[in-house]
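Colleague: Please take a close look at the aromatic pairs. I would like one connected account.

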Amino acid sequence: MLGALLVLLGTTACLAQDLCTDETSEGFKVRLSIKTALGQQAYVWNESEMFLFRATLAFAMRQHFKNNEYNVSSILVCNETQRVSFHFVVLDPSDSTQLIQKTAVEAAVRKSRHRINSAFLLSDGTLEFLQIPPTLATPYSPATPPWLIAFGVVIGAVCAGIIVMLVSSLLGPKKGKGEDDDEEEGGGVGRNGIACDALDGACNGGFSDDDRLTQM
Amino acid sequence: MIDDQDVLTEETPDGESKDTPERPKWNNKVQYLLTCIGFTVGLGSVWRFPYLCQVYGGGAFLIPYLISLVVEGLPLLHMELAIGQRLRMGSIGVWSSMSPYLGGVGVASMLVSLLVGLFYNTIIAWVLWYFFHCFQSPLPWSQCPVNANHTGYVSECELSTPVNYFWYRRTLNITPNIEDSGSLQWWLVLCLATAWCLVYICFIRGIETIGKAIYVTATFPYLVLTIFLVRALTLPGALDGLVYLFSPDWETMKNPKVWLDAATQIFFSLSLAFGGLIAFSSYNPQKNNCERDALIIGCVNIFTSVYAAIPIFAILGFKANADYNDCRNENILTLTNAFSIGDENITLQNYGEWLSHLNASDPTEVASLNLKTCNLQTYLEQSASGTGLAFIVFTEAVIEMPGSQLWAALFFIMLFCLGLSSMFGMLEGILTPLLDLHLVPAWVPKEMLTGLICLFSFTAALIFTLGSGNYWLEIFNSYVGSLPLLIIAFFEMTAVTYVYGIKRFSDDIEWMTGRRPNLYWQITWRLLSPLMLLMVFLAYIVIEAETTPTYNAWNPDFVDFPLHDVQPYPGWVYAITVLLSTIPIIPIPLVASYTLLVFLKKRIMDRHNINPYAK
């Protein structure tokens, strides 16, 4: 009796395992590049890691279908290579001779892709499900494009500079004229450039250099 | 004789010619030299000379280049500086003083300066656009944007590269051909406005403000080049690039095109015939050693070109090396996946052994993989010049360098400074003649005049912000910035040598510098330089006539995309290119004939009017 049961279980397992082949249309090939991703901290791929993978996939199936019947035993793995790569198929928990449709498995994997990647410390590029396109994350785009901020700073500084220069050139000549008038009123500058006021004695306007009226 | 009308040799007691009161002058000699150096050293030194070196056999190109400098560049340079310093006027005034018939040469210079300034500042606007984008991590030209349903990247970017996509789509938003104008790209308009504002603030009071700005804009590029040099030499693959650049291929010297390109490059590199150098030297005191200035400027220019080529090529070598490694890594990945070998078991070092081992065990499988042949030479030979070098090749190289934001920002600031200092020269080539001829009423302050010039140029340059703007810029670059300058330079040389007279010119130089120009100058001015100019001009015409003008269009719908879609110019565009080449030159015969008419009219009236008192 026990023997018959064992044989029965064995054949079922074999039958189930037969469902996981290279050419199956309902399975996916998975490829991991652990050393590329992690370098020195790469872990060794062994039975336990494979167990984790199957558990993670079962988790993904549960999340997608909201069906808690998926188990590690629902995930069949075959054709493991040194690469590391292998095939997997998902058994229907209610009927172990049926496989879950490819599209359904794909939807489940895409939904939980990030969780699966994180479980193995890998990314979309290093944990590849061939034939499932990766969901690309939207690149972060801030509300104000950064280039506008840089542009605003530069144009603000330049415009301020232009205004300052225009204002200074408008005020400049007036200030200069004011000073000239003061000098002339002060008695003029002597021939050798010394201001009259700085010397002791009286200023003789006859020797000033002021030739506004007598310029040739 | 008409020639007696010029006022060149009168002197006042303090040794300076009487001219308009308070002509602006340089604060010191350093400002003047830096401004001239800044004008001559421009974007071409960075992105044209290294390309020519690469294409024409590396170190061997320096020989035709040096010969061109000695025979053509230095004599013309010395002549322009001496003329401006002696006659103390801008380009129109200088040539009119020599002979009223030659006033058109000055007008031609002014027009060329205006037209070239239009597109040159647009390039600066592009540089600013890239500079504004350096403050993001990751750099925007390093990644493709994702498409609408997040399953992949935008197809245009996927087929070409992220760098190309950023340049052609995000920056230029280029149309598939020149006939399709597209609309004004608002972001480019903003950058163009910024560029013109920056130019205006430096140019606002003429050489007064230029002289201050030049301390930064002329020296900063050298600082950046040195930093890049140090950084680039430590990058892997840099030495490959340098060896490739400088290893001389003496065979190329037999190719006449090399000599033609060397001569044209030295000519355009020294910014001759723009009128800017004449304007700058006109603000000098007359007793200034212009011969030494010319030698300094010429030598610094060639030194800068060579000095810039070194980090550029070190970085290009680094990029070629990175591309080569990427190619090999791709092959490794293909092999690893096909044969399910352990991850990272095949490395760059043992690739050869693995390949032969796999080939021995399963040759059909290996053959079916279509492995790419990776050759470092092919990557090194991918040359680029002009905007392609700066905005595509270099930006791609910068992504691979650690701290890419910093290097990109430094590079674009350097390009900005190089471009800005050249803009000063071109705008002075416009401003000084206008001021000298008193074409502008005296109540208009200089600030308003410079502002109007900048505003007008900005409005005209809006063409280059259209979708097809880049195609128009290429046209302007090829047709305005080349042939007219050669013609103007030829007229300049003839004017000085044969109208003014070399003897009188030598006397002037002796008066200014204290030394008579020696035999080298005499020979080159009288004979060698005009001859070389003529040959370059004729060769240029012949080569232009041979090639049917085509342009490289960026067309995403093209069959062979991402290759460029080579299109011929449509008829109306071709007509415009002819117009652009001839409009700057037209003033020369126009002014000459107008002056002749006036002279003849006066002669006829004098003949009819015998009574000398009846005027």
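Modeller: Here is the account, with the ground rules at the start. This is a predicted model, where local features need pLDDT of at least 70 and side-chain atom pairs count only at pLDDT 80 or more, while totals for chains, interfaces and linings use all residues. Residues are numbered from 1 along each chain as its sequence is written, chains are lettered from A and ligands numbered from 1 in the order in which they are written, and side-chain values use heavy atoms, without hydrogens and water.

Over all chains, the search finds 57 aromatic pairs. Rings of Phe, Tyr and Trp (its six-membered ring) pair if their centres lie within 6.5 Å; planes under 30 degrees apart are stacked, over 60 edge-to-face, the rest tilted. One of the pairs is Trp141(B) with Phe166(B): the centres are 5.6 Å apart and the planes stand at 55 degrees, so the pair is tilted. Trp141(B) sits in the loop between helix H6 (103-132) and helix H7 (155-159) of chain B, and Phe166(B) in helix H8 (residues 162-171), so the pair ties together parts 25 residues apart in sequence. Helices (H or I, at least four residues) and strands (E, at least two) are DSSP runs, numbered from the N terminus. Both Trp141(B) and Phe166(B) are buried. Buried means under 20% relative accessible area, exposed over 50%, partly exposed in between (1.4 Å probe, protein chains only).

Phe464(B) and Phe476(B) pair edge-to-face, at 5.1 Å centre to centre and 85 degrees between the planes. Phe464(B) is in the loop between helix H20 (446-460) and helix H21 (469-479) of chain B, Phe476(B) in H21, 12 residues apart. Phe464(B) has 1% relative accessibility, so it counts as buried. Phe476(B), at 8%, is buried too.
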